[in-house]
Structures are given as C-alpha cells and as structure tokens.
Amino acid sequence: MEVGGDEKLEILLKWAAEVGISDSKTPPLESLPSSLGHSLFVSHFPEAGGRGLAALRDLRRGELILSVPKSALMTRETLLKDETLSIALNPHSSLSPIQILSTCLLYEMNKGKSSWWYPYLMNLPPSYDILATFGEFEKQALQIDEAIWAAEKATLKAELHWKEASVLMKQLNLKPRLSTFRAWLWASATISSRTLHIPWDEAGCLCPVGDLFNYAAPGEEPSRIEDLNCKMHASSFGVNPSVDGDATDMLDLEKLDSHSERLTDGGFEEDVAAYCFYARRHYKKGEQVLLCYGSYTNLELLEHYGFILKENPGEKVFIPLESEMCSSNSWPKESMYIQQSGKPSFTLLSALRLWATRPNRRRSVAHLAYSGSQLSAENEILVMRWISKKCTFVLKSLPTSFDEDRSLLSAIEMLQDSFTLSELSNVLASSTNQICAFLEANGLESGGSGADLLSSRKITQAIGRWRLAIQWRLSYKETLIKCVSYCSKVVDSLNSQNVTMQFSS
Ligand SMILES: C[S@@+](CC[C@H](N)C(=O)[O-])C[C@H]1O[C@@H](n2cnc3c(N)ncnc32)[C@H](O)[C@@H]1O
C-alpha cells in the first residue's frame, strides 16, 4: 500500500533522530509528529517554497538550529562504499563528479526499501521544474533569447550527461524506469537544487532534513555584512556559486576581510564532523526559517532551483549593448545590467557615461566615471535617453506586452485552481490564443475533457512550468518598464535643474 505524505515524513523524522540528526544539544522537549523536538518542525508555506522548516520556538540569530552528522550525508564517498557500484565505476573515470553522484543516486533509488537512505529518498520531490525540464512550448514562452538559450543549453547538457552515463547505468542493471532521460533529469535536478557545499567533494552532498530549508535571498537580514558573507560562501544549496562583478560589492568584499565574525548560516564543521545550520536572524515561533543558498538572478534560480522570486535583490536584467560600450571601459560585461528596481547598475552607468563622452575626452574623465560620478548634465541625459530607448525597443520587440502577460497569468492561475469541470469550462471558453496554443502543444484541444486535463500529472506539470516561464518574463518586462520610468525621472530632474540655473544666471 502507498504510504501517505505525512506518514512518509514521520518515517523520515524518526529515522533522522536515530541517525543522529538533531536540532538540539539536549534531548527533545516536545514531540509533535513533524517536529524535530527542540528548534524546528516541518511545515507548509504555499507562497514561499512549499514544504519547509518552521521555528518551534523563538530563535535567536546565530543559534545552532540543526546538525546533521557526516555519516548521514549522502556523498559520493558514502555511496561508493557499495562495492558493486564502486567496481562498476572504475572504468568510467571520464564522468564528472556530478554525473557520478547522479548515477549513485539512481542506483540508491534502485535499491528501494533496502537502501539505508530509504526514509530520506521516499521524501524527495517526485518531479522538479528546473529549466532543463522545460518542454519546447515552455521554453519559447520565456520569450527572451537569453532565457530560451539558457533553457535549451540546460536540456542539451543534461541529455549529453545522460548519454555519457548510460553505459554505466546499463552495467548497474538499473530498472528501465530509472535509466530513462526523465529519471536522469530527476536525479540531476535533485542534485542541482538540494546539494550542499562540502569542502572535500565538488559534487556536494545531499543532507537529509537540512535540505528542507527554503531560500531567502541575501539582503533580507539586518546586516549588510551578512549579505556579503552569504554571497561569498554560497554556503548552502547550490554548488552553483554566482559571481557578482559589481564594483560596490567588490569594495564591500574587501571591507569584509577585516571582520572575523562567523556569519554563515550553514556549513560543514570538521571539529564536530557534522553539517551545522545557524539561524541567520531572529525568528518568531511558527515563522519559516530560511537559508541563503547564494545570490542568484531569477534566471539562475529557475535554472538551478525551478522557482523565481518576486522580489529578488540579486536580479539582473541585461539589455543589448553596442560593442563600443563594452570596449571603452574595463568592466566585465556581466556587471552591466538593470536592477529589479529599474536602476541601471553602477558599472552600466559608468560604462555608458564614458561611451557617451567624445573619445578624445574619455581619458581625462575616466577617473570620474569609474568612481560613479555623473560627468555632466548633458552626458547623463544622453545616457538615460539611450537606456530608455533600448528598454522600450526590447519591450516592443517581444511577442506580448506586460499587460497581456498579466491577464494570461491570471487565466493560468484560474486554470490551476479550477477544481470543477464547469469552472474549467469557463476558463477555457474565455481562453486567449496562448491558452489554446498551450492546449494544442500538449495534445489537448480546448473542446476536450477538462477532467482529463486536470487529472493528468504531466499536464499539471506543464501548466506549472508554463506559469513559471510567464512569471519570469513578466518580472523581466516589469524591470524594463521601471527602468524607462527611472530614466525619465532623471532626465526631468536634470532638465528642471538646468532651467532653474538658466533663470538664476
Ligand atoms: C532545498 S529544497 C527546499 C525544500 C523543498 N521545499 C522541499 O519540499 O523539499 C529547494 C527547493 O525548494 C523550493 N524553494 C526553496 N525556496 C523557495 C522560495 N523562496 N520560493 C519558492 N520555492 C522555493 C524550490 O523548489 C527549490 O528547488
């Protein structure tokens, strides 16, 4: 008989206690069914990551809230204690550490109930929404070339890795359903979205219970130093460190060197041989306890974790730049972007200010541009107008507008929330072309059976991914719209200062 979700979780928590996973240095005080006893309990946060960990009591910043002994971590080293696996792997030295860990994970799944990690494995999500899992329709729904390309690359890479590992998987005699590309995508998504950094293996480790923490972007804590620390350690999920080239951050990182305070929210500690998690801020009883996995743009979050944040301090929107804009300065191209607030990054402004200066004058004003100063009102207006024009051009070149996307998103949300056939029929009756295109792409005409539509897990997943693609492009477009408005405010303000100066002189 199939074990229910709550029951599975109870089995996991019981097993966790047995193998020494603990949220306390003292014996458990309470015994809620989904409680770990002292600091945390498993709960559901529909708006912030789904299943996650909540504070069982008020937690103080810096407090140890969870420790997972090395012996409970799933690493290549622990998995390769299986002799059959270890021998089979010998002739496959060309496989990467992540390919090996993915194969080991599938091999462990293949053991079913006889796996030592079975209570953990049975609680892993059955599917993921990372970019590599997007079908053609969802990829195209991203609309922006950079994102479509990232999705295509992610799928191609996963496919290549799967093909390369398939000889080994065959040798291991995996069940047919665990040797498929779908199973490979599942394993690589598990690793991409749930592994923690460990110093001795670049593939990272899977950390039972510790991988139930959902994500908070850096910058949500009281201390700026914490943000940077979070970025530097990319401590947690995500052996995918995001390199940020912004000048302000570079300066801050230098300042950080003088701070000795240990501020990470998670890391492997050699002296206690355990992965330890600390509260990164104060939490009230019942609040979700979050972990910073590093700083990511929404596209990177989608690629590695399968979600995006409405408010993401790490968001970067790139617009096409002319080659001279990049060659007239020494900033890395990745640092020239628009922030989610609509403000151009420090380096984008600096680069464009130099570019908008006559070539023979650039040398003499370079020091001002590099320090982030405006060069002149005319120069600033030129820069703002150029950025605004570019953003408007990008927005107009996309197949749908921001408003259209917003309505479509509402329709999709209704589609997802349609529990009865008549509700669903209403949504389908008012379908936009895009909903029809979605139904067609998934082999379902709008006249088909609504019940079938919603009961199919495949379609539910496709709707979820399509919604993510639309949320991503909406967020992208919103940033460009905010940027146009930011630029026009700066231009208006400079023009009015100019007028005032003319009157007063
Ligand atoms: C390490 S797991 C966290 C636990 C996970 N929610 C679970 O049920 O197992 C990371 C995954 O949680 C989800 N997640 C984490 N933080 C999130 C957030 N702030 N918003 C939406 N989804 C989030 C994403 O699906 C991500 O890939």
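Reader: What makes leucine 53 count as buried?
Author: A residue is buried if 20 or more other C-beta atoms lie within 10 Å of its own, exposed if 12 or fewer, and partly exposed in between, with C-beta atoms placed from the backbone. Leucine 53 has 27 C-beta neighbours inside 10 Å, so leucine 53 counts as buried. By the way, this is a predicted model, where local features need pLDDT of at least 70 and side-chain atom pairs count only at pLDDT 80 or more, while totals for chains, interfaces and linings use all residues. Residues are numbered from 1 along each chain as its sequence is written.

Reader: Where does leucine 53 sit, and which residues is leucine 53 in contact with?
Author: Leucine 53 belongs to strand β2. Strands here are DSSP runs of E, at least two residues, and helices are runs of H or I, at least four, numbered from the N terminus. Contact takes C-beta atoms, placed from the backbone, within 7 Å. Setting aside neighbours within four places in sequence, leucine 53 is in contact with Leu40, Val42, Leu212, Phe213 and Val289. Leucine 36 is 17 residues away from leucine 53 in sequence, and their C-alpha atoms are 9.9 Å apart.

Reader: Which domains does the chain have?
Author: Domain 1 is 5–71 + 264–291 and domain 2 is 76–206, with bounds from an automatic or database domain assignment. Their C-alpha centres lie 26 Å apart. The contact takes 8 residues from domain 1 and 7 residues from domain 2. On the domain 1 side, α1 (5–18) and β7 (266–269) each supply at least two residues, and α1 gives the most, 5 residues.

Reader: Why are β3 and β7 said to stand at the edges?
Author: Two strands pair if DSSP finds at least two bridges between them. The open sheet of 3 strands runs β3-β8-β7, with antiparallel pairing. β3 (64–69) and β7 each have a single partner strand, so one side of each is left without a neighbour in the sheet. β3 and β8 (274–278) pair over 5 bridges, which clears that cut-off of at least two. Valine 68 stands opposite tyrosine 275 in β8.

Reader: How do you know that β4 and β5 pair?
Author: β4 (195–198) and β5 (201–206) share 3 bridges in the antiparallel sense, and at least two are needed. Isoleucine 198 stands opposite aspartate 201 in β5. The two strands form a hairpin with 2 residues between them.

Reader: Why is helix α11 called largely enclosed?
Author: In α11 (298–305), 8 of the 8 residues are buried, so the helix is largely enclosed by the rest of the structure. Among them are Asn298, Glu300 and Tyr305. Just after α11, glycine 306 takes a positive phi of about 75°.

Technical notes. Contact = placed C-beta atoms within 7 Å.
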